[in-house]
Amino acid sequence: MVQSAPTSAPLEPRGKGPPFSIARADDALRLRGELRVDDAAAIWKGISDGLADAKQGRVDLDFSEVEVIDGAVMSLVVQARAELSARGVRAELVGANERVQALVHLYGGDEKPARRQRRKAEGFVEHVGRATADVLAALRGVVSFLGSMAAAVVGVLRKPRSGNFGEIPALVERTGADAIPIIVLLNFLLGFVMGFQAARQLEKYGANLYVADLVGISVTRELAPLMTAIIVCGRSGAAFAAELGTMRVSEEIDALRTMGFGPVRYLVLPRTLSLMIVVPILTLFGDIVGILGGLIVAATTLKVTPIAYLTESRLAITARDVESGLMKSVVFALAIGLIACQQGFATSGGAQGVGRRTTSTVVTSLFAIVLIDAVFTVLYRVVGI
Amino acid sequence: MSEPFIEVSNLTIGWGPDALLLEHANFTVDEGEIFAILGGSGSGKSTLLRYLIGLERPLAGEVTIKGVGHPNLEVGRPPFGVMFQGGALFGSMTLLENVVLPLTEWVDVPVDAATAMARAKLKLVGLEGSGDKLPSELSGGMKKRGAIARAMALEPPLLFLDEPSAGLDPVTSAELDDLLLTLKSVVGVTLVIVSHELASIFKIADRCILLDKETKSIIAAGPPSQLKESDDPRVSDFFNRRPRAA
């Protein structure tokens, strides 16, 4: 017997209100009327309240006055029955007409209530183990990709006609020509800001002209290559990762493989090569407009004539400064291309996977760019460039 | 005679006056039946479905469901569920979360109740143990069944299914057919199915229409078993899987 089983008034009166009622009467919970998904919240509350005091014994879920019930509400009744069973109360669905009984059967209301197995939470050791395995798998993927890339380069060097060079002009246009406006604008502003900040300090010492030295050397050696690489990473790197990632999840890369095209040779090499062609050229544009930005600041705020500024720039900036920046930019381009393509190739899991890999491309590339820049700075210092 | 559940009147669809797919089509779907839209590749079956569910606006004509024109899909709760060809499950959510999603949007139930309702739907389609999986971890057949569970979550009286059996093995396909018959007989759902899987159509469809790419029209309508015996060679060739004469 149920411990406490007072007869309750219907929880939802019929009439103008909901088209159903749920009432507890002794050892039964009586459901009446039309029980549909639109009233699911009230029905669930009615069932939960009606069965709240059932702790042991038996409670029948009485369907004898149910006119209509849909699958969603039936699943709530089945869930309530399973919860009763977990509390040690035996509950049966009784009195259903033939049509309702068919739905009871469809939703397993006449089966033994299932007890859901709660998944054991992952422990600390399991978590560390899984994370380590994930990192090792990712590293293996990167090494494997670099190996494929090396093999593809050797293959193309041995047999140049096997390279997909036809795609390079279009890629150069997409990654280079289309990027010129944003590269020019941002590098100009960078030179402008750099010149402005320098002007305020140099003016104090009457060294106005040296703003040309400061802007020229910092732009050509550091700022233009760095800013250009960051823009290319956010623009073309992300695009490559998304493009290859989408190809990966839609099995286009597998199709290439089955047709005998090495996907690294066919897709990665042209993209990486196009970036290695384009980024130094964009950097050179960045150098020029960056110096121009400094010139405008010097001419407008420091009373330095353009001729004097350009003459001083020519004396301060050596070919080696420009070359050092351009060399760096080639390595930046290589890193962006490889990271973007590797991330694209490693994509799995549909649209979300593509988004995740695109984000990862930008973050990893930015980290790589700064790291490579630091290595070059130390290297140049050591070899005296 | 009772009012048809879906009434398509003088419907003309396509991508513009020069790229019509179907002209002046008329047909009705009765409540509680399984109605199939058939046709060869490129005849516009799936596109017609997009017009029936209101994703596209027709060039001419009208589609009404229970006498009412299409609801605004942007604001209202549609009176139907849809299973798209590839399932269209959201890749960022587990299968269970996919089925819970419409319940959280339209039914104000606590999370545990919504979860119980969603689990019941997954059990109904035979995916009881797969609720925690992502769609990328599911086979094609499981995605389709998961999509049916999601489409059924709000107990719509009408279900549209685009190629439910395509690409499935015979056993899974037969199980899916049984599920659709159960939805019709036990739950009382009206089903509109786009397909060219004849075995499945003969088993489950009460009536069907056959679209023709050349004439941009419906060239046959009726029970599949009757159409198989049609005098029109275009119809009988289709239903008897005969290659077209050169």
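Guide: The rule for a salt bridge is a side-chain nitrogen of Lys or Arg within 4 Å of a carboxyl oxygen of Asp or Glu. Before we go on, keep in mind that this is a predicted model, where local features need pLDDT of at least 70, side-chain atom pairs count only at pLDDT 80 or more, and totals for chains, interfaces and linings use all residues. Residues are numbered from 1 along each chain as its sequence is written, chains are lettered from A and ligands numbered from 1 in the order in which they are written, and side-chain values use heavy atoms, with hydrogens and water left out.

Back to our pair. B:R207 sits in strand β8 (residues 207-212) of chain B, while B:D30 is in the loop between β2 (20-29) and β3 (34-39), so the bridge ties together parts that are 177 residues apart in sequence. Strands here are DSSP runs of E with at least two residues, helices are runs of H or I with at least four, and they are numbered from the N terminus. B:R207 is partly exposed at 22% relative accessibility, and B:D30 is partly exposed too, at 32%. Buried would mean under 20% relative accessible area and exposed over 50%, with partly exposed in between (1.4 Å probe, protein chains only).

Now hop over to chain A. The side chains of A:E167 and A:R271 meet in a salt bridge at 3.4 Å, N to O. A:E167 lies in the loop between α4 (124-158) and α5 (168-175) of chain A and A:R271 in helix α9 (residues 263-301), so this pair links parts that are 104 residues apart in sequence. A:E167 is partly exposed, with a relative accessible area of 23%, but A:R271 counts as buried at 1%. Through shared partners, salt bridges join A:E167, A:R174, A:E243 and A:R271 into one network.

Another pair in chain A is A:E65 with A:R32, at 3.3 Å, N to O. Here A:E65 is in strand β3 (residues 57-69) and A:R32 in strand β2 (residues 28-35), so the parts tied together are 33 residues apart in sequence. A:E65 is partly exposed, at 39% relative accessible area. Over all chains, the count by this rule comes to 29 salt bridges.

What about the place where the two chains meet? The rule finds two salt bridges across the interface of chain A and chain B. B:K123 forms a salt bridge with A:E111, with the closest N and O atoms 2.8 Å apart. The contact (heavy atoms within 4.5 Å) takes 22 residues from chain A and 26 residues from chain B. About 1,900 Å² is buried between the chains, with carbon and sulfur atoms giving 61%; buried area is the accessible area (1.4 Å probe) that two parts lose on being put together, summed over both.

Inside chain B, things look like this. Its domain assignment gives domain 1 (1-80 + 158-246) and domain 2 (89-155), with bounds from an automatic or database domain assignment. The two domains bury about 1,100 Å² between them, 76% of it on carbon and sulfur atoms. Across that domain interface, the rule finds zero salt bridges.
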